[in-house]
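Let's take a quick tour of the charged side-chain pairs in this protein. Have the structure open while you read.

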Amino acid sequence: MTFPASRPLVRRWAGATAVVLASTLALAGCSGSDDPVPASGESREPAPKSPKPRKDVSPSPTESPSETPSETPSESAGTAVPVYFVGDGPGGRPRLFREFHRVTGDPLTEAARLVMGGGEPDDPDYRTLWPQVEVSGVTATDGILLVDIPGDGFTERPDGMSKRMARLALQQLVYTLQGVQQERIPVVVERGDAEARLFGLSLDRQVTAASALRTLNLVSITSPAEGDTVTGDTLTVTGVANSFEASGPCRLIASDQEVAVVPYQAEGWMEDRLFPFEVEIPLADAGTGDVLLQCETDDPSGGAEGDGPSVDTKLITVQ
């Protein structure tokens, strides 16, 4: 495998504009014939133990069933849920990235509200494609996840939203709800009329998860989270990925200089899912202050072919 010696950063750093990376996006959208794919890709990676509490979601929102927390964190009340936001993948094409958020109230409903314009991602590289859309509730019933949207707004796509982006917005919701529910069951959006539409798409079919390899960014950092403060001699990095030969580099960049690079080894590759990984990165040369953690998929062509590796970054503080 090859690790690029030095990659441009994906976010703005020391005044340099970030370079974005990724591959072709093809979405199943509303296809009712596709076999649902696990929202998380069935990885066994547990959720972080203490996601940041969400203060911007009123009480009344993943990847595979096993990616929700194995235990309830004691630091704060609520439930940790994985939420899928949109970021730039290879070639600047949009992909889904996962963050964990803590919510109070019903996890399915509150996770849906986070996706549907009711909250903000912690990572500034991410965004939601949803305008503010009201959701009354989400119910797991009769082998489906039923989403009740009471209003009649956004029947057609808002200005600037393509049909492709509308489908990806629905995938945000599907991947999030399947991850929270821990089941590969389809989503049904109900609007109370026989010919309901949302973003110009018909809602007369069950919405299943599109291919993970075509929809998710192929590397996603779970911990540390954006804005975390870390101490000690080493940094433990966990995440999920699907990379050539199941490996890729994780880098630490301080003041525009790469101060450490360590390859991770995921639990697998080549299947239509993401696999967990964990890697220890030495902090000896990182100093103190803001440091950028950057994990990538391997690029065996060294940039000669394709759009380059998938990348995820987290800005952290070293003390």
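Is E271 buried, partly exposed or exposed? At 44% relative accessibility, E271 counts as partly exposed, where buried means under 20% relative accessible area, exposed means over 50%, and partly exposed is in between (1.4 Å probe, protein chains only).

Keep in mind that this is a predicted model: local features need pLDDT of at least 70, side-chain atom pairs count only at pLDDT 80 or more, and totals for chains, interfaces and linings use all residues. Residues are numbered from 1 along each chain as its sequence is written, and side-chain values use heavy atoms, with hydrogens and water left out.

**The overall count**
- A salt bridge here is a side-chain nitrogen of Lys or Arg within 4 Å of a carboxyl oxygen of Asp or Glu.
- Going by that rule, you get eight salt bridges.

- E110 pairs up with R113 in a salt bridge, with the closest N and O atoms 2.8 Å apart.
- Both sit in helix α1 (residues 107–118), three residues apart, or about one turn of the helix; helices are DSSP runs (H or I, at least four residues) and strands are too (E, at least two), numbered from the N terminus.
- E110 and R113 are both buried.

- R197 and E156 form a salt bridge, their closest N and O atoms being 3.2 Å apart.
- R197 belongs to strand β6 (residues 197–198) and E156 to the loop between β4 (144–148) and α2 (163–181), so the pair ties together parts 41 residues apart in sequence.
- R197 is partly exposed at 31%, and E156 is partly exposed at 44%.

- E271 meets R273 in a salt bridge (3.8 Å, N to O), and R273 is buried at 16%.
- R251, E258 and E296 are joined in a network of salt bridges.
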